Amino acid sequence: LGIEIVPFRVPNLRGREAWQQGRRLRDFLRARDVDIVHCHDCYTNVFGVAAARAAGVPLVLASRRWLHALPSRG
């Protein structure tokens with residue numbers, strides 16, 4: 001279908017790599033003038049929503065689509 005897949009690898013939500021990938025996603029969304037971002041799980045709700053808001057995306061949706069408890073900090 002010609003749909004581009006662009007990975008944003010985030011091994012965890014803490015640390016330098018998460019910030020770097022967050023800025024990369026923000027820049028990606030800005031460059032493509034994205035109008036809607038819809039996130040579906042715990043990690044994308046934290047990572048994707050923050051980047052979309054920073055990019056100025058007009059409509060940002062976050063929904064809970066996971067069936068398990070949130071991961072522990074351990």
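This is a predicted model: local features need pLDDT of at least 70, side-chain atom pairs count only at pLDDT 80 or more; totals for chains, interfaces and linings use all residues.
Trainee: What makes up the chain as a whole?
Mentor: The chain has two helices and two strands. Along the sequence they follow the pattern α-β-α-β.

Trainee: What makes the span of α1 close to the one expected?
Mentor: Helix α1 covers residues 16–31, which is 16 residues. The expected span is 1.5 Å times one less than the number of residues.

Trainee: Which residues of α1 are called buried, and why?
Mentor: They are Ala18, Gln21, Gly22, Leu25 and Leu29. Buried means under 20% relative accessible area, so each of these residues falls under that cut-off.

Trainee: What do the buried residues of α1 pack against?
Mentor: They pack against β1 (36–39) and α2 (42–55).

Trainee: Which exposed residues does the face turned away from the buried side carry, and what makes them exposed?
Mentor: That face carries Arg16, Trp19 and Ala31. Exposed means over 50% relative accessible area, so these three residues lie over that cut-off.

Trainee: What follows α1?
Mentor: Asp33 follows, with a positive phi near 50 degrees.

Trainee: How much of the chain is buried?
Mentor: Buried residues make up 24% of the 74 residues.

Definitions and conventions:
Residues are numbered from 1 along each chain as its sequence is written. Side-chain values use heavy atoms; hydrogens and water are left out. Helices (H or I, at least four residues) and strands (E, at least two) are DSSP runs, numbered from the N terminus. Buried means under 20% relative accessible area, exposed over 50%, partly exposed in between (1.4 Å probe, protein chains only). Contact means heavy atoms within 4.5 Å.
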